[in-house]
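Here is a briefing for a reader meeting this structure for the first time. Look over the sequence and the model, then read on.

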Amino acid sequence: MVHQVAEALVPVLIGVVVDRAIMPRDGAALGLWLGVLAAVFLVLTMAWRIGMRSTVRAFSFAAHDLRQLTVARVLDQRGMAHRRAAGETLTIASSDTNRVAGIAWLVTGQLGALAAIGTTAVSLLLVSVPLGVAVLVATPVMLLVMHRLSVPLEARSEAEQETAARAGGLATDLVTGLRVLKGLGAEQAASDRYRRASRGSLAAALRAVRSRAAYQAVSEVLSVVFLAVVALFAGRMALAGQITVGELVAVVGLAQFVQEPMSRTGFLGVELAQKRASARRLLRLLGEPTVHSSAARPVHTGAAGATPSGGSMTVAGTFGGSALGPVTVRRGQVVGIVLPDAGDAAALVDVLGCRAPAPPGAVVVDGTDLSTLDPATGRTLVFAARHDASLFSTTVRDNLAPDGPLDPRALDASGTTEVLGHLPDGLDTHLTGRGQYLSGGQRQRLVLGRALHRPEPVLVLHDPTTAVDTVTEARIAAGLRDLPDRALLLVTTSPTLLAVCDHVVVAVSGAAGGTGLDGSSDADVELVAS
Amino acid sequence: MSAHAPSVADRAAPAHEILPVATTAATNAALWRMLTRRRWLFAGTVAVLLAGSVAGLATPALLGALVNVVAEGGETSDLVRYALLLLGAGVLSAGLGYLGQTLLARICEGALADLREDVLASALDLPLEQVERAGVGDVVARVSGDVDAVSEAISGVLPAVTSAAFTIVLTLVGLGALDWRFALAAIAAAPLQVVSLRWFLRRSGPVYREVRVAEAQRTEQVIETVAGATTVTTLGHGDRHETLVARSSLRAIDLSLTGIGLLTRFYNRLNVAELIGLGAVLAVGFWLVSGDAVTVGAATAAALYFHRLFGPIGTVLGEFDEIQKAGAGLARLVGVTTATATAGTAEGDALSAEGDRISAGGDENPAQGDRPGPAATSRGTRSAVALRGVTFAYTPGRDVVTEVDLDVAEGEHVALVGASGAGKTSVAKLAMGIHRPTRGAVRVLGEAPGRRRRAMNDSPGRRHGAAMVSQEVHVFSGTLAEDLRLAAPDASDAELTAALDAVEAHWAHDLPDGLATVVGAGGLDLSPDRAQQLALARIVLLDPAVVVLDEATAEVGTDGAAALDRAARAALSGRTAVVIAHRLSQARTADRVVVMEAGRIVESGTHDALCEAGGRYAQLWAAWERGAGDRRG
């Protein structure tokens, strides 16, 4: 604000110099007033410096705090009732937090503009009351007109950004699917498609530029009207001897200067509306109800926990459209569950991994009903990752076992050892882009390797070998068979994996089926129909 | 798969393999070409911008004249005349400004659109091998990040800087027209401005780069945490990731505050320069008015001129950094287009050499040789795919495919079986011309594979060429029809539906908007088996003579796997096919099974023959059967 006041004083001082020094040809006055000008500049520049730095600080830390809140909400153990697409959450966590924190810029910018307009008005009032009043009257009129104009402008530039984002997204998407495109020889078709999107984006950009230029032109015309009127009246007053020449100079200088703050204030409404929209999205995310009802939470916390003697789990109930009779897996056993419907299998694994609430009594771990535990405690008993679990952009070692030593048996059993042989720095290889440049098979084996390093006594693996070839799958199956001291539940349809299970349970959806099962020699197989 | 390992190695040491970055000269040449393509528009724009700036400069001159009228005790009518002129000049300046900005946008945005389209087309034309080495990430970064950076500069900064530069130059001219000594006084500010700018750029460059890197890391960390949120919570690593995000965020803030510190000091210096300039102009005005060399009005106009310069000078100097940044992005973009040009010629040479080699040795001596495990065709006479003594290594000395001879007859279905790293995928990529053999020769339909596929691009005649369904499943974002039309741009809706029906993708009928349903990123998420059916439907539409199928379907239930096997059979019927078997059920239905181990073919024959022979394949099959028996009953 001080900065803007000082900025507004510069034209006043130009007028004063003309009045006191140039007109009377007074050298000493010139020196004096140039000194004052220097002092105003000093204030101006220091005020700007302090204002700028503190605004950036306020903005940065506000954005930081909002971002942390968002991330904390996303990572809440209790999950989210309404799951958003990753892209949407990302927009909220990055753009919306920044935009809401941008209120810092809005406040300082608008306060500054108001200060500039205020200083101008006061200066003019001091010169001549009617001129000052003219500014005070003209300002709200200008604001209203500019605000009217800025609303459609905003819509256009939003449309521009949207088409640009769409074209950009398409380019990324096409390049990401480059291998597929190359396989089809569809490079030309893809590039044609992008060309169309790019032309659409161009048209929108030109429309937005035209709106912006029109806004600017109108704003210039308005201000020149204002300037001409002020200059005419001030000139007449000066001719009549009511004000001095220097005051006239100051008046026209101020009338020129005040244009920019006025047009800036015209954007206030639009900016506020934008920020409100972002703030609403942010609040909705932060206030999202949890998956697990809070009533079920506190019952058993602390009472349960991994005990050395633990490691048995019984599952029974309906998951998706498939019903499952009691299946028990104990320490040292490998049990397979076959759910013919992939969606039902995912639903079961989500319940076991405490990502979805367990029906009461459906899952019992070491005598404790999983539905009575809060998710954090449940997860100390059972580890059940999703089939499509992610890797993280850090070293392979940190991905596999960030807290403890590596277990060579787990590395061998999961086929990770083989993967490491192909990586440039073995365990110290840094996975860029969340390992998306690894092949599906390499990724899957690392994810499996990570699961085998988990300390939880019950381990649930969901289709852990879909991306590896049959030979490797057979090797992994054998490795899992020999894992010591674990209760291992395989939710899979892979024959190779099921062959190493002690016990296989097949859930059949709908009415009781009559599928007989002849297991391998050491497997005890049962059929559970709903 | 071993085939992917080199790309990881290259990403770990990207300095050696990333796509080229254009030299300054090449970038400038590209810019010049873009401008000359629009030279008349360009000339018109310059004229309009000039006229607009001249009109804009009339304002202070007229104000000065108005002050003169007052100082010399003129008439009110003079005042009215000047006020009207002021109005006219202002309206003219605003109108010309509008015209200039829109014309400039047409040039800049048009050139930008051309550039981004060229870049994407070039990126798509890059040989896959080169892309794999550079990493898909590098290409994605260029078509998205760099295009964004250049767009930002071109649409946001360039117009502002251009008109500011015009204003500065013309204002100096205007000052000179009042009296040459005013221009000299204004230039008194220049040395400090130049020194400050150099000071700022020297320090800000590295800091800003660091800020961008830190902000990119923060974004990456947020993306990683949000995209992997389920995994993070399942692993119980929530706190750890919150800390990681916080740490990267605080680091970015720290750096950006350093940057702002520099920026504010830079602007402080600019303010001092403004003060010096304004003081000098006022002092010169005082001196000249005292000497009766100029009028008070002229001195006023001079001071107002200079005051008007504050904004434009700030714009030009302040955005210098943005322009430099855009220059760096532009060099990387132009680099992609030059990469294709060079890669294209190199590949052409290699292919013709290869063609010569195969016609010299290959065809007359069809390798029905005496190698162990003969892999010659089991039926048919002409081989659609032929590999002769093919050896291939990603890095010299580490062969992943060794001395492979393989002939696939027209219409024959061959299944490749073997462990990861046995070389199956490499053989498939060699057959597709994605890799070129280190030794030996490859022919598809009698021609070198890469060339054949290119020819197919030129003339979209069907029943030609080879296509590959890669292990990677990608659903292109957009409507379902747009996705399918990538394979056959001219196909009618009825043909698209027929292709979907052929691969049993009956679910497509139930989609909310049918073929117009938006799928892929940002749209309807298709399950892996549906995405795979889509890939097969594209093959049906493309209708190639040879198909390499590297389909590894994840996460499909028992019913899903059986349906996909049927879909694949439908898509492959009547074509020559090389199937990389991820399920042995795929091998069983093939005409011939080829077993690979450590880059060599170790067994080849029909499923039944190999089972009887009791070798490697027989063992694998027995293990598979035992498992499958559990469910089949």
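The model is predicted: local features need pLDDT of at least 70, side-chain atom pairs count only at pLDDT 80 or more, and totals for chains, interfaces and linings use all residues. Residues are numbered from 1 along each chain as its sequence is written, while chains are lettered from A and ligands numbered from 1 in the order in which they are written.

**The helix pair in detail**
- Helix 7 of chain A and helix 4 of chain B pack at about 165°, with axes 8 Å apart.
- Axes here are lines fitted to C-alpha atoms, for helices over the stretch in contact, and angles run from 0 to 180 degrees between N-to-C directions.
- Helix 7 of chain A passes helix 4 of chain B in a right-handed crossing.
- A crossing is right-handed if the near helix is turned clockwise from the far one by less than a right angle, and left-handed if anticlockwise.
- Helices (H or I, at least four residues) and strands (E, at least two) are DSSP runs, numbered from the N terminus.

**Contact between the chains**
- Chain A and chain B each give 148 residues to the contact.
- Two residues are in contact if their C-beta atoms, placed from the backbone, lie within 7 Å.
- Helix 7 (residues 187-239) of chain A supplies the largest share of chain A's side, 31 residues.
- That side of chain A has 79 nonpolar, 44 polar and 25 charged residues.
- Ala, Val, Leu, Ile, Met, Phe, Trp, Tyr, Cys and Pro count as nonpolar, Asp, Glu, Lys and Arg as charged, and the others, Gly among them, as polar.

**Nonpolar cores**
- The largest nonpolar core has 218 residues, and A:Val460, B:Leu416 and B:Ala431 have the most contacts inside it.
- Helix 4 (residues 76-125) of chain B gives the largest share of this core, 15 residues.
- A second, separate core of 104 residues includes A:Trp48 and B:Phe200.
- A core is a set of buried Ala, Val, Leu, Ile, Met, Phe, Trp, Tyr and Cys residues joined through C-beta atoms within 7 Å.
- A residue is buried if 20 or more other C-beta atoms lie within 10 Å of its own, exposed if 12 or fewer, and partly exposed in between, with C-beta atoms placed from the backbone.
- Beyond four places in sequence, A:Val460 touches residues including A:Val349, A:Phe383 and A:Leu489.

**Chain B overall**
- Chain B has 21 helices and 11 strands.
- Of its 633 residues, 52% count as buried.
- Helix 8 (residues 190-227) and helix 10 (residues 238-290) of chain B pack at about 160°, with axes 9 Å apart.
- The crossing of helix 8 and helix 10 of chain B is left-handed.

- B:Asp179 sits in the loop between helix 6 (136-178) and helix 7 (180-187) of chain B.
- Leaving aside neighbours within four places in sequence, B:Asp179 is in contact with B:Leu288, B:Ala293, B:Val294 and B:Ala298.
- Most residues other than glycine have a negative phi.
- B:Glu504 is not a glycine, yet has a positive phi of about 60°.
- B:Ala598 also has a positive phi, of about 45°, without being a glycine.
- B:Ala598 lies in the loop between strand 10 (592-597) and strand 11 (600-605) of chain B.
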